[in-house]
Amino acid sequence: MASKSDTSSIRNKALSALAYLFILVAIAYAVITFLGGQNYLASADWPMFCLALLAYLASIFFWSLAWAKSAGIQRKEAALLTFAAAAGALTPMGVGSDALRGYFSRRDAAGFSHIVLSSFATKLHKIVFSAVAAGVFLILYSAGLPTEILYATMAGIAVSVVSVILLYFFLGNISWLEKLLPKRVIPEDLHSGSKTFRRMLATPSKESILLVAVSLAFELVAFYSCFLAFHINPGIVIVAGAFAVTFFASKIPFVHGFGLLELVGVFLLQGAYPVALLVAIFFCFDVARLWFPTLVSAAFVALLSRRSR
């Protein structure tokens, strides 16, 4: 059973995350207003926007099931920890969410390490699967894509795959780092931890990959729904191409793509739709993938807080 100080710490972290959220939302809305996007926001189809919110929550849920399979933990616990840690998506590449899962799990050092490493490995599985799926998509539909989307998708695939491969081989040769750094600054389990992570990264189960695919499909539904919420239907090919680019862009180390996605959206589709409309669409997608899950996470943090008493 957790102490009162532990419970208070969880609450303080939740309040800090919410305060951070509201600051970022205020900044984002100020930019939207400056560009005139608030006029489009007022005319949005709210039931369709709610579908986007629910679809993205479903994406998070199926990702948690993929992680549960990969980590060998109970699905209920994986879902609870994943939704509680959703606020971590506001950190660069969402890496903070992996640490929060470990923190909320309240395991010992070895258990904490397993939670964090398996979570990060599953996240990379989704990136690699997305790169493969995007590659197949380009083979089938490249002729119908604008050149901006075509080349941006190719760049996203290349950077993502190369980054994961370099990370894998870097961790396999971590011994050189151990030789360069003083012993006192190197965690004792660095080498064993890197070997465990490489194994998790290289050997995902078929069920885990299938669940990752379902998670990605729901994320695409959320993205498409944001277009439909503004009575815009560019077609599934264009939307899927734009989604692939924004997915890879969101992995760039800058608060999980906050602000960047709007710029990417304008770059990809500015010739087809007004800039203010595109900013409004991608702002709503940011709400679906960042702001709303962060609010939902507060409820799960409160649940964990009660359970730890």
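This is a predicted model: local features need pLDDT of at least 70, side-chain atom pairs count only at pLDDT 80 or more; totals for chains, interfaces and linings use all residues.
Let me begin at one residue, His-231, which sits in the loop that runs between helices α10 and α11. Residues are numbered from 1 along each chain as its sequence is written, and side-chain values use heavy atoms, with hydrogens and water left out.

Back at His-231, the phi angle is near 60°, a positive value in a residue other than glycine. Most residues other than glycine have a negative phi. His-231 counts as exposed because its relative accessible area is 59%; throughout this talk, buried means under 20% relative accessible area, exposed means over 50%, and partly exposed is in between, with a 1.4 Å probe and protein chains only. Arg-106 is also not a glycine and has a positive phi, of about 55°, and its place is in the loop between α5 (95-105) and α6. With a relative accessible area of 36%, Arg-106 is partly exposed.

Now to the overall fold. The protein has 13 helices and zero strands, where helices (H or I, at least four residues) and strands (E, at least two) are DSSP runs numbered from the N terminus. Of the 309 residues in the protein, 49% are buried. If we take the contacts with a separation of 6 or more, residues 24 or more positions apart account for 73% of them, a contact being heavy atoms within 4.5 Å. The protein exposes about 14800 Å², and carbon and sulfur atoms supply 70% of that area; accessible areas come from the Shrake-Rupley method with a 1.4 Å probe, and for residues only the protein chains shown count as cover.

What, then, lies inside? The largest nonpolar core has 66 residues, and those with the most contacts inside it are Ile-149, Phe-223, Phe-227, Phe-230, Leu-269 and Phe-285. The elements that give two or more residues to this core include α3 (46-71), α6 (109-141), α7 (147-172) and α10 (206-228), and its largest share, 14 residues, comes from α13. By a nonpolar core I mean a set of buried Ala, Val, Leu, Ile, Met, Phe, Trp, Tyr and Cys residues joined through side-chain atoms within 4.5 Å. If we leave aside its neighbours within four places in sequence, Ile-149 is in contact with Ile-238, Gly-241, Ala-242, Val-245, Leu-268 and Leu-269. There is also a second, separate core of 13 residues, which includes Trp-63, Trp-67, Ala-71 and Phe-104.

One member, Val-132, is found in helix α6, and Val-132 counts as exposed because its relative accessibility is 52%.

Finally, the charged pairs. The structure holds seven salt bridges, each being a side-chain nitrogen of Lys or Arg within 4 Å of a carboxyl oxygen of Asp or Glu. In one of them, the side chains of Glu-207 and Lys-69 meet at 3.4 Å, N to O; Glu-207 lies in helix α10 and Lys-69 in helix α3, so this pair ties together parts that are 138 residues apart in sequence. Glu-207 also forms a salt bridge with Arg-75, the closest N and O atoms being 2.7 Å apart, and because Arg-75 lies in helix α4 (residues 75-84) while Glu-207 lies in α10, the parts tied together here are 132 residues apart in sequence. Glu-207 is partly exposed at 31% relative accessibility, and Lys-69 is partly exposed at 43%.

Which setting, buried or exposed, do we find for Asp-286? Asp-286 is buried, with a relative accessible area of 0%, and its salt-bridge partner Arg-289, with closest N and O atoms 2.8 Å apart, is buried too, at 4%. Both residues lie in helix α13, three residues apart, which is about one turn of the helix.
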